[in-house]
Each structure stands twice: as C-alpha cells, then as structure tokens.
Amino acid sequence: MSTSNTPVLPPAKLPGPNEPCWCGSGTKYKKCHRGEDSQARAPVPASRRVKPGVVSPRRPVPPHIPRPDYAETGRPGPGVKGDPATRLERMRRACRAAAEVLQVTGAALRPGVTTDAIDAIAHEEYIRRGGYPSTLNYHGFPKSLCTSVNEVILHGIPDSRPLEDGDIVNLDITIYLDGMHGDCSATFPVGKIDAASEQLLRVTRECMMLGIEAVRPGLPINVIGRAIEAHASRYGYGVVRAYCGHGIGEVFHLEPQVCHYFDPRATDIIEEGMFFTVEPMLTMGSIQHQDWDDDWTVVTADGRRSAQFEHTIHVTRDGAEILTRLEG
C-alpha cells in the first residue's frame with residue numbers, strides 16, 4: 001500500500017531481507033522491493049551504454065579573437081597577467097559570458113539533436129561575445145565544450161550521436177575573455193527523464209550549492225567536500241574522487257585543488273580573493289571509472305549514470321560570490 005509520503009525511490013541504506021520494506025507496505029523487504037532494487041542497482045549492460053560517434057573537424061576561431069597561450073600549440077603555459085586592479089571585474093565578465101553560453105546551449109537540447117550541433121552553437125556564442133572556447137586545443141582537446149551523456153562522468157567529446165529522449169547530458173562551458181577563464185556546467189534532461197535521473201540531477205545541484213555555502217576565509221578547503229559528501233551519502237550516491245574542482249583565472253587550471261569528498265589531508269586554507277570552481281560529480285553506482293581510447297572521455301565503470309554541476313566562485317570576506325550565476 002502506498003501513501004503520498006512514501007518515497008518514490010529507495011533510501012541510501014536498504015533494509016535487511018527480513019526487515020519491513022522501505023515502501024511502507026508492511027511486507028518483508030525480501031518479498032517486496034529487494035528484487036527490483038537489486039536490478040536497478042545492477043551494472044548497465046555494455047550494449048546499452050553510450051557509444052562514440054564521428055567527431056567533426058575543429059571549428060576555426062576568427063583571427064581578431066584574443067587567444068590563450070595554448071591555442072596553437074595545445075600546451076598551456078603560465079598565462080598572461082593583466083592589470084591587477086581590473087582582475088575581479090574582468091573575471092566577472094568572463095564568468096557571466098560563460099553562464100550566458102550555458103543558458104543558450106541548454107535551451108537547444110532536445111531529442112534528435114547531436115552533441116556536435118550543440119558544440120557549433122557554443123562555438124558561435126563564444127565568438128559573438130568576443131571570447132575564445134577555452135577547451136579548444138587545450139592539451140589537444142578537439143572541441144569547444146564538453147558534452148557528457150548518461151554514464152559519461154566528464155570530458156565527453158561532442159560528436160555525431162543524436163541525443164535520445166530520456167538522456168541526461170552535462171554541458172561544460174568555459175570561455176577565455178578579457179584575459180580570464182570563466183567556467184561552469186550543468187546537467188540537463190533531454191525530453192522526459194525517469195524519476196531516478198530527476199533525483200540525481202536535483203541532488204547533484206544541491207551538493208554543489210552546499211559546497212559553495214561552506215566556503216569561508218580561514219577555513220580548510222576540505223569543508224567543501226565534507227558538505228558535499230554528507231548530502232550525497234543520504235541518497236546513496238557516489239562522489240567521484242579522481243577529478244576535482246580547481247583554481248582558475250588567467251590560467252584555465254590552477255591551485256587550489258577542490259575535492260568534492262572529505263579529505264582530512266586537504267588543509268589548504270581558503271583565502272579572501274581566491275577564484276576556484278566547485279563542481280561535484282555524483283554517480284548512481286560505482287565511483288570507479290574507465291577511460292575511452294580517445295584519451296578524454298571518462299565513464300562510470302558500471303555504466304550507471306553520473307551528473308555534474310559547476311560554478312566558478314570568488315571568495316569574499318563573508319563567504320562566496322557565485323560568478324557564473326545569471327541573476328533574474
């Protein structure tokens with residue numbers, strides 16, 4: 001028997017075989033939802049997992065667009081330092097531009113659209129704002145954003161695969177503008193998604209915001225991961241450990257590293273004026289990953305879905321200013 005207060009999805013900690021089922025039916029768990037829960041948490045068969053498509057040629061950037069130091073060589077250097085007095089304002093402009101591009105590309109998602117078509121939209125939106133796609137040729141990455149579908153944790157390369165109804169896809173947007181990199185991402189539903197995926201997206205975004213709310217100057221940076229991991233564990237989600245948030249500014253990736261799980265060794269002190277990203281990656285199952293042969297795409301080892309949300313923040317005297325959030 002179900003009621004309006006019955007959870008749609010099983011809790012993080014499942015009952016024992018002879019304990020009452022979590023659904024409130026009064027029946028022993030082994031005779032009620034155990035079989036269904038076991039099937040839901042089983043590895044996804046290889047035949048149902050995302051397959052790579054055809055990657056189109058690299059899109060050109062007009063010569064008048066200022067470029068980061070790796071644009072031609074693929075090898076990032078120390079970056080170019082601009083006027084320190086305008087650094088925060090330039091960072092705000094870059095981050096606002098990134099948020100705008102994320103909004104435009106997210107609105108273009110629908111079943112049948114290829115991730116390569118989303119890349120084309122992102123590429124033009126960067127250029128329209130006078131910016132360079134930060135990912136383009138960064139260590140050789142061939143595209144202008146990362147598109148990570150379903151079990152792809154991060155660094156998915158846009159290609160010819162059409163998105164399908166029920167997919168989820170993370171769009172990771174970074175723009176180089178006014179000498180600064182602005183970085184943000186979100187995971188979007190494609191068409192109608194199932195309840196489990198809806199919850200994964202909601203909780204992942206909540207984890208990001210809780211991590212940001214934990215930021216205070218003078219505290220160790222591991223307070224961010226503590227807040228994220230505590231919330232994710234309530235839903236039985238894994239927090240990816242192999243990848244983390246990062247400092248950002250004139251250079252795409254800088255110190256500090258921002259773990260999204262609690263690491264007692266991460267004792268770097270948060271300082272006023274820092275710029276860094278908070279970008280937790282949560283999984284429905286295993287946090288173990290596998291790498292595709294393209295040297296970029298990272299997928300969950302069990303094929304179950306992953307989601308990510310990301311903001312770039314500025315540490316203030318009282319906490320954190322979210323630079324990649326559009327107001328209104």
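Arg59 and Asp119 form a salt bridge, with the closest N and O atoms 2.5 Å apart. By salt bridge I mean a side-chain nitrogen of Lys or Arg within 4 Å of a carboxyl oxygen of Asp or Glu. Side chains of opposite charge can pair when their charged atoms come close. This pair links distant parts of the chain: Arg59 is in the loop between α1 (34–40) and α2, Asp119 is in helix α3, and they are 60 residues apart. Helices (H or I, at least four residues) and strands (E, at least two) are DSSP runs, numbered from the N terminus.

Before going on, the sources. This is a predicted model, where local features need pLDDT of at least 70, side-chain atom pairs count only at pLDDT 80 or more, and totals for chains, interfaces and linings use all residues. Residues are numbered from 1 along each chain as its sequence is written, and side-chain values use heavy atoms, leaving out hydrogens and water.

Is Asp119 buried or exposed? Asp119 counts as buried because its relative accessibility is 1%. The cut-offs are under 20% relative accessible area for buried, over 50% for exposed, and partly exposed in between, using a 1.4 Å probe and protein chains only.

Now the helix that holds Asp119. The 14 residues of α3 should span 20 Å at 1.5 Å a residue, and the end C-alpha atoms are 20 Å apart, which agrees. The expected span is 1.5 Å times one less than the number of residues. Buried residues of α3 include Ile118, Ala122 and Tyr126. What do the buried residues of α3 pack against? They pack against α2, β1 (132–133), β2 (146–149) and β4. After α3 comes Gly130, with a positive phi near 80°.

Back to charges. The structure holds 19 salt bridges. In another, Arg87 pairs with Glu250, the closest N and O atoms being 2.8 Å apart. Arg87 lies in helix α2 and Glu250 in the loop between β7 (245–247) and β8 (254–258), so the pair ties together parts 163 residues apart in sequence. Arg87 is partly exposed, at 25% relative accessibility, whereas Glu250 is buried, at 5%.

Notes: Contact = heavy atoms within 4.5 Å.
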